[in-house]
Amino acid sequence: MKIIESYKDFELTIESKKALYSAMHDKAYVDNITKRLPAGKSVWIDSNGDAMKSNIVAFENEKWKGIFDPRKPVKYYKFFNSPTLVGAINKYIKPTSVVIYQSEEFKYLTPEELQYKIEFMVDSYPTKIFIYIDMLGIDFNKLKYSYTHIIESVVTQNTIIHDLKDFKYLLEIN
Amino acid sequence: MYRLTGEMMAKPKFPKSLEEKNSCRIRSNAFITAWHKKQKSFVPEEVEFAQDQRILDFFDDRPIYGIGAIEYFPGKLNIITEDDPQSYKQALAIVNVPTSDLELFHGLECIKHIDKVCVSVNKYILWTPSNKDSITEDYDIALLEYIKTIFPNRHIEHIYVKGLKGQHFNFASPTTQFFITNENN
């Protein structure tokens with residue numbers, strides 16, 4: 001029998017990618033976010049945004065190409081922190097909100113990396129920003145620091161922290 | 001004595017009967033079992049996760065007292081989940097649902113005298129209600145020190161993935177493992 005250590009040991013099929021993406025993006029808190037969206041366009045990045053809705057524009061990492069319903073107008077990006085992506089979103093879509101929900105871009109980050117990414121979002125998008133964070137997926141010493149301490153230490157000004165329970169938080173910025 | 005242990009020991013004030021019921025309990029849930037199966041199904045051939053193989057290699061045929069997310073192992077190992085844990089020579093504890101430091105301590109206490117123990121921990125799902133200044137900064141080392149307080153004077157082989165992120169099936173089967181034996185063995 002083959003022993004495997006990581007995802008590097010095999011190639012994912014399209015069906016496997018679909019199952020994996022679906023498992024990573026459940027819809028449990030989608031309504032909680034959509035009810036807070038201001039009028040206007042909302043850009044969802046790596047967040048399984050419902051691109052069939054007229055107010056939602058979904059951007060997904062290009063590694064997931066091929067797993068979405070081809071009728072959905074999904075857009076793809078290569079680098080999350082690319083100035084080209086940021087510029088295109090701000091110039092051509094002019095969103096009133098940007099949403100990060102169950103995004104891989106915000107998983108397995110150290111608190112320092114998480115803080116950097118939150119600041120990057122604030123600096124990049126002059127809009128309302130929603131960032132969902134599952135603290136179970138953040139990388140820090142969990143015997144030493146409480147989740148409350150970490151989440152409070154990474155947020156920027158103008159942020160409301162919504163406690164969604166079970167170690168999950170929704171940051172509402174601006 | 002490790003300071004954290006003292007703090008944790010002092011916290012709960014359960015009636016004795018409840019204390020006994022609460023000990024030796026590490027939770028699991030159906031999602032873990034399903035996710036383990038699902039991730040293995042991504043590979044077209046039959047595979048074993050490296051961390052599971054280490055567990056299979058560690059134990060012998062004698063009965064193994066099992067607690068936590070052990071659902072994958074009955075049928076592959078001689079796992080027993082009932083009766084008095086003290087009557088066993090081998091134990092397997094898999095911690096893979098959100099578990100506080102206090103719950104972890106109590107969960108492992110009942111198997112601390114067993115000769116041969118594997119504790120497998122998803123280090124992402126632990127939590128503590130308040131900051132603990134006395135804990136070592138390096139999380140992997142802190143975990144080892146924590147396990148040492150529960151299993152003092154034992155030989156502990158500590159296996160973990162340095163810089164663990166999302167690539168190693170840790171949420172299906174934890175990659176941080178402690179293989180605990182008596183020093184004389």
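Biologist: Which residues does B:Ala93 touch, leaving aside those up to four places away in sequence, and how do you know that they touch?

Modeller: In this predicted model, B:Ala93 touches B:Ile26, B:Ile67, B:Gly68, B:Gly107, B:Leu108, B:Ile111 and B:Val119, not counting residues up to four places away in sequence. The test for a contact is that the two C-beta atoms, placed from the backbone, lie within 7 Å.

Biologist: What makes B:Ala93 stand out in the largest nonpolar core?

Modeller: That core has 70 residues, and B:Ala93 is one of four, with A:Ile131, B:Leu92 and B:Val119, that touch the most other members. Helix 6 of chain B, residues 139-150, gives the core its largest share, 6 residues. Apart from this core lies another, of 5 residues, among them A:Ile4, B:Phe49, B:Phe169 and B:Ala172. In general, nonpolar side chains of soluble globular proteins tend to be buried together.

Biologist: Why are strand 3 and strand 8 of chain B called edge strands?

Modeller: The sheet in question is open, has 6 strands of chain B in the order 3-2-4-6-9-8, and shows mixed pairing. Strand 3 (79-80) and strand 8 (155-159) of chain B each have a single partner strand, so one side of each is left without a neighbour in the sheet.

Biologist: How do you know that strand 8 of chain B pairs with strand 9 of chain B?

Modeller: Pairing requires at least two bridges, and 5 bridges join strand 8 of chain B to strand 9 (residues 176-181) of chain B, the two running antiparallel; they therefore count as a pair. Within this pair, B:His158 stands opposite B:Phe178 in strand 9 of chain B.

Biologist: Which strands does helix 4 of chain B touch as it packs on the sheet?

Modeller: Helix 4 (residues 50-58) of chain B touches strand 4 (90-95), strand 6 (116-121), strand 8 and strand 9 of chain B, and its direction makes about 170° with that of strand 6 of chain B. Helix 6 of chain B lies across strand 6, strand 8 and strand 9 of chain B, and runs at about 155° to strand 8 of chain B.

Biologist: Turning to chain A, what makes strand 4 and strand 7 of chain A edge strands?

Modeller: Chain A has an open sheet of 7 strands in the order 4-3-2-5-6-8-7, with mixed pairing. Strand 4 (75-77) and strand 7 of chain A each have a single partner strand, so one side of each is left without a neighbour in the sheet. From one strand to the next, the twist averages 20°. Strand 3 (residues 56-61) of chain A pairs with strand 4 of chain A in the parallel sense over 3 bridges, and A:Asn61 has A:Tyr77 as its bridge partner in strand 4 of chain A.

Biologist: How many residues lie between the two strands of the hairpin formed by strand 7 and strand 8 of chain A?

Modeller: There are 2 residues between them, and A:Asp166 in the turn has a positive phi of about 55°. The two strands run antiparallel and are joined by 6 bridges, with A:Leu170 of strand 8 of chain A as the bridge partner of A:His162.

Biologist: Why is A:Lys165 called exposed, and why is A:Phe167 called partly exposed?

Modeller: A residue is exposed at 12 or fewer neighbours, buried at 20 or more, and partly exposed in between. A:Lys165 has 6 C-beta neighbours inside 10 Å and therefore counts as exposed, whereas A:Phe167 has 18 and so counts as partly exposed. A:Lys165 lies in strand 7 (residues 159-165) of chain A and has a positive phi of about 75° although it is not a glycine. A:Phe167 lies in the loop between strand 7 and strand 8 (168-173) of chain A, and its phi, near 70°, is also positive in a residue other than glycine. Most residues other than glycine have a negative phi.

Biologist: How many residues of chain A and of chain B are in contact with the other chain, and what makes strand 1 of chain A a partner of strand 1 of chain B?

Modeller: Between the chains, 26 residues of chain A are in contact with 32 residues of chain B. Strand 1 (2-4), helix 1 (14-24) and helix 5 (147-154) of chain A each supply at least two residues of the side that touches chain B, and that side of chain A has 14 nonpolar, 6 polar and 6 charged residues. As for the strands, 3 bridges join strand 1 of chain A to strand 1 (residues 47-49) of chain B, and they run parallel; at least two bridges are needed, so they pair. A:Lys2 has B:Val47 as its bridge partner in strand 1 of chain B.

Methods
Residues numbered from 1 in each chain as written. Chains lettered and ligands numbered in written order. Predicted model: local features only at pLDDT ≥ 70, side-chain atom pairs only at ≥ 80, totals over all residues. Helix = DSSP H or I, 4+ residues; strand = E, 2+ residues; numbered from the N terminus. Nonpolar A, V, L, I, M, F, W, Y, C, P; charged D, E, K, R; others polar. Core = buried A, V, L, I, M, F, W, Y, C linked by C-beta atoms within 7 Å. Axes fitted to C-alpha atoms, helices over the stretch in contact; angles between N-to-C directions.
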